[in-house]
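Subject: Structure for your review

Dear colleague,

Please find below the structure that I am handing over to you, together with its sequence. My findings follow it.

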Amino acid sequence: MSAVSRTRIDANGPFDRVAALGTLTAHAVDGLHRLDPDTTELTRWVDVHGDPQLVTVCLDPGGATVSTATRDAGVSDEIAARVQHWFDLDTDLTPVNARLGADPVLAGQVRSRPGIRITRFHAPFEAVILTVLGQQVSLAAGRLFAARLIAAYGDDAAPVRQEPGLRVFPTPVALTAVPVEELRAVIGLTGTRARTVHAVAAHFAETARDASLPARAELHAVHGIGPWTLDYLAIRASTDADAFPATDAVLRRTLAAISPDTGPERAASWSPYRSYAASRLWAHTL
């Protein structure tokens with residue numbers, strides 16, 4: 001990409017880019033993201049009000065540098081705001097670390113890695129669809145389903161934008177137009193999961209949402225959206241600092257490994273920062 005615009009975003013305090021890069025790597029989707037582990041650069045298309053923009057984000061211990069090929073200052077500012085939210089760079093972690101660091105289960109990690117933040121999905125619709133694809137399957141399977149979805153229904157902006165291999169995430173309207181049976185066959189989903197993908201797309205298309213995650217009750221009413229998905233999205237697609245998906249297999253395994261006598265009920269003591277506790281547990285091996 002021949003960037004004509006670079007924007008610097010400094011983190012509000014320490015930033016653990018290893019944790020952020022670990023999350024990006026674990027959830028990277030072929031055809032949607034390009035992640036260079038040597039340069040810590042992530043490249044992808046970002047839809048800004050219907051206009052795809054190729055964006056490269058370079059993470060460093062102090063924050064992020066965002067490169068785009070736009071000359072529109074308004075578009076650059078919009079992308080910078082999304083990146084700031086994406087990597088939680090504006091949050092003051094001082095009260096978070098004070099609360100979590102008071103618990104012996106998390107104290108050592110808080111001392112050694114004070115900059116662990118929440119790495120979010122960059123857009124609500126994409127977040128819900130990718131989370132649904134990852135329900136009750138391994139990370140590898142969820143990524144495979146997502147790659148198939150992108151290959152089949154992603155918008156190929158490459159010929160115009162000169163960035164082969166990357167596609168724009170499909171719009172709600174585009175996915176709503178795909179029959180449920182086709183989604184099942186093309187992506188390799190169960191019939192129930194295909195129905196959920198279609199129902200999510202239809203809901204976003206009908207409500208014309210693009211900037212915020214629907215309310216919890218609104219999402220819960222969608223076929224196939226249950227408590228784990230709601231809690232997970234509250235952390236990784238919203239601004240809820242106090243969500244905790246207690247049934248999450250990785251969280252349960254990590255807690256059992258670092259403190260065998262600690263049960264899921266321990267999370268209540270981490271309120272009002274349980275989302276940050278979950279992010280720390282997910283990052284424990286990164």
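I begin with Thr40, which lies in the loop between β2 (34-36) and β3. The model is a predicted one. In this model Thr40, although not a glycine, has a positive phi, near 55°. Most residues other than glycine have a negative phi, and most peptide bonds are trans. Pro272 is placed in the loop between α13 and α14.

Helix α5 and its neighbours

Much of what I have to report concerns helix α5, which spans residues 124-133.

With helix α10 (residues 191-207), α5 packs at an angle of about 170°, and the two axes are 10 Å apart. Angles over 145 degrees count as roughly antiparallel, and α5 and α10 are therefore roughly antiparallel to each other. On the α5 side, the contact is made by Pro124, Phe125, Val128, Ile129, Val132 and Leu133. The α10 side contributes Arg193, Thr196, Val197, Val200, Ala201 and Phe204. Sorted by class, the residues of this contact of α5 with α10 are ten nonpolar, one polar and one charged.

With helix α12 (residues 227-236), the angle of α5 is about 140°, and the axes lie 11 Å apart. The pair α5 and α12 is therefore oblique, and the crossing of these two helices is right-handed. Ala127, Val128 and Thr131 of α5 make the contact with Trp228, Thr229, Tyr232 and Leu233 of α12. Five residues of the contact of α5 with α12 are nonpolar and two are polar, with no charged residue.

With α6 (139-153), α5 packs at an angle of about 130°, with the axes 8 Å apart. That angle makes α5 oblique to α6. Here Ile129, Leu130 and Leu133 in α5 meet Gly142, Phe145, Ala146 and Leu149 in α6. The contact of α5 with α6 has six nonpolar residues, one polar residue and no charged residues.

The largest pocket

What is the volume of the largest pocket? The value is about 1,000 Å³. The largest pocket is lined by 44 residues, of which His27, Leu139, Trp228, Tyr232 and Asp248 are the closest to its centre.

Several helices supply at least two residues each to the lining of the largest pocket: α1 (17-27), α5, α6, α12, α13 (249-258) and α14 (274-282). Of the elements, α1 gives the most to this lining, with six residues. By class, the lining of the largest pocket comprises 21 nonpolar, 17 polar and six charged residues.

Cavities

How many cavities of 30 Å³ or more does a search of the whole structure find? The search finds two. The largest cavity has a volume of about 130 Å³. Its lining consists of 15 residues, and those closest to the centre are Leu24, His33, Trp86, Phe121 and Arg236.

To the lining of the largest cavity, α1, β3 (41-48) and α5 each supply at least two residues. Again α1 gives the most, here with three residues. The lining of the largest cavity divides into six nonpolar, five polar and four charged residues.

With kind regards

Notes
Residues are numbered from 1 along each chain as its sequence is written. This is a predicted model: local features need pLDDT of at least 70, side-chain atom pairs count only at pLDDT 80 or more; totals for chains, interfaces and linings use all residues. Side-chain values use heavy atoms; hydrogens and water are left out. Axes are lines fitted to C-alpha atoms, for helices over the stretch in contact, and angles run from 0 to 180 degrees between N-to-C directions. Helices (H or I, at least four residues) and strands (E, at least two) are DSSP runs, numbered from the N terminus. Angles under 35 degrees count as roughly parallel, over 145 as roughly antiparallel, 65 to 115 as roughly perpendicular and the rest as oblique. A crossing is left-handed if the near helix is turned anticlockwise from the far one by less than a right angle, and right-handed if clockwise. Contact means heavy atoms within 4.5 Å. Ala, Val, Leu, Ile, Met, Phe, Trp, Tyr, Cys and Pro count as nonpolar, Asp, Glu, Lys and Arg as charged, and the others, Gly among them, as polar. On a 1 Å grid over the protein atoms alone, a cavity is a set of points where a 1.4 Å probe fits but cannot get out, and a pocket is an open set with protein on both sides within 12 Å along at least five of seven lines; lining residues have an atom within 4 Å of a point. Grid points are joined across faces, edges and corners, and a volume is the space filled by probe spheres set on the points.
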